[in-house]
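Visitor: I'm new here and would like to learn how to read a structure. Could you show me the picture, and then I'll ask away?

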Amino acid sequence: MSETTSDLEETVFFSQLMQDCSVLQLLKQVLMHSHHAVVITTADELQGYPIVYANQVFCDHTGYELAELVGESPRIFQGPDSNHTVIRKITPALKKNGYFYGASMNYRKNGSVYPVEWNISEVKNENNEVTHYISMQKDLSNLKRVAEQIKDTNELFKRFYATQAKRGTSNESNSTITTEVVETLKSNEKIYNANLRTEENEDLFENAFFDFSPDEMGALGNKTDKSPISAEQFWKESPIAEDDITSLTESIKELDTEIGMAEALNSGVNYQNIANYMKEIANNLYFCVEFNDGALIIDEVANILRKQPDNADLPMEMLSMFNKDVADWVDSVFVNRDADNIFSGENNTIAAGNQLLSFIK
């Protein structure tokens with residue numbers, strides 16, 4: 001499809017959309033209800049691309065109020081730890097391609113630092129002149145923390161292999177490093193792919209370097225006996241990092257938005273996007289090993305959706321209800337923390353997921 005044809009189709013689509021609402025109202029709804037941080041600047045390079053708008057998510061991420069940001073250059077988010085090599089590429093890339101994608105370290109109003117991913121695109125007027133730039137941003141703090149966990153674990157493995165390879169090393173030294181490796185694996189068990197916890201792979205991996213029984217909460221363990229436990233008790237015994245909870249709840253909101261758009265348009269549903277958001281939810285739930293069964297059913301639904309063409313006629317109402325079951329479960333355990341039994345919501349999710357699968361397989 002040529003660029004001209006694509007532009008024409010988009011123009012026709014938006015013309016039909018504008019029959020029911022104004023451009024201003026649509027833009028307002030998109031920006032205000034986006035679950036991504038959004039900031040809009042002018043195209044005035046000499047003034048440092050002054051900010052004209054930032055949504056509430058962006059303000060929450062940076063600690064600034066909108067009134068404090070308007071008129072300021074995005075340079076206020078830069079500091080010593082920012083990736084200035086990447087930042088210097090932004091203007092040339094925007095002039096050449098009209099968009100830029102990259103990542104750096106941003107500084108909040110209170111001086112704290114967080115990793116951020118940018119996706120910047122130009123906005124043109126009717127005369128094809130660039131008037132503004134719009135940037136979608138994502139806080140990568142959770143991803144960075146996980147990467148550091150994996151890096152630390154890999155470093156321990158290297159030390160473990162090096163120690164085992166040395167001849168004449170004392171048993172006490174070997175014992176110390178082996179214990180350190182195993183304890184680190186236990187503390188990081190939630191970063192391992194759930195495929196390692198299958199019955200087929202269980203014996204293979206357990207015999208490699210460590211000995212975790214199947215019902216133990218170890219790296220390869222899988223809690224099969226799910227005795228009822230309240231959210232209050234769960235949080236006393238297994239506190240979850242706030243970054244993990246934020247990532248999980250944001251993924252659910254993004255999926256809800258995507259399904260809502262699909263229901264409203266009633267044609268050309270992007271099942272790949274829906275599947276990707278479901279994958280994010282499942283991956284976030286894998287961080288809580290108690291809920292692997294729920295994560296697996298969400299993962300399975302996502303895998304089936306990825307195989308669907310955009311013109312497939314699937315029950316969107318059931319997809320919406322499935323996501324609601326997941327959201328209610330997550331809220332009762334992680335947000336409101338008022339569940340009498342944390343596994344009740346998971347059971348509802350599994351039942352809803354199996355019912356959905358029977359329709360879309």
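Visitor: Let me start with two residues: are Y49 and Y133 buried or exposed?

Guide: Buried means under 20% relative accessible area, exposed means over 50%, and partly exposed is in between, using a 1.4 Å probe and protein chains only. Here Y49 is buried, and Y133 is buried too. Before we go on, a word on the model: it is predicted, so local features need pLDDT of at least 70 and side-chain atom pairs count only at pLDDT 80 or more, while totals for chains, interfaces and linings use all residues. Residues are numbered from 1 along each chain as its sequence is written, and side-chain values use heavy atoms, with hydrogens and water left out.

Visitor: How many aromatic pairs does a search of the whole structure find?

Guide: Rings of Phe, Tyr and Trp (its six-membered ring) pair if their centres lie within 6.5 Å; planes under 30 degrees apart are stacked, over 60 edge-to-face, and the rest tilted. The search turns up 11 such pairs. One of them is Y49 with Y133, edge-to-face at 5.8 Å centre to centre, with 85° between the planes.

Visitor: Why does that pair tie together parts that are apart in sequence?

Guide: First, the labels: helices (H or I, at least four residues) and strands (E, at least two) are DSSP runs, numbered from the N terminus. Y49 is in the loop between β1 (37–42) and β2 (51–54), while Y133 is in strand β5 (residues 130–139), so the pair connects parts 84 residues apart in sequence. Now look at F291 and F343: their ring centres are 5.8 Å apart and their planes at 70°, so this pair is edge-to-face. F291 lies in the loop between α12 (271–285) and α13 (292–306) and F343 in helix α15 (residues 342–360), so parts 52 residues apart in sequence are tied together. Both of these residues are buried.

Visitor: In what order do the five strands form the open sheet?

Guide: Two strands pair if DSSP finds at least two bridges between them. The order is β2-β1-β5-β4-β3, with antiparallel pairing. β2 and β3 are the edge strands, each pairing on one side only. β1 and β5 are joined by six bridges, with V38 partnering M136 in β5. Nine bridges connect β3 (residues 99–107) and β4 (residues 113–124). Those two strands make a hairpin with five residues between them, and G111 in the turn has a positive phi of about 95°.

Visitor: What does K95 form with E45?

Guide: A salt bridge, meaning a side-chain nitrogen of Lys or Arg within 4 Å of a carboxyl oxygen of Asp or Glu. The closest N and O atoms of K95 and E45 are 2.8 Å apart. This pair links distant parts of the chain, with K95 in helix α6 and E45 in the loop between β1 and β2, 50 residues apart. K95 counts as exposed because its relative accessibility is 58%, whereas E45, at 34%, counts as partly exposed.
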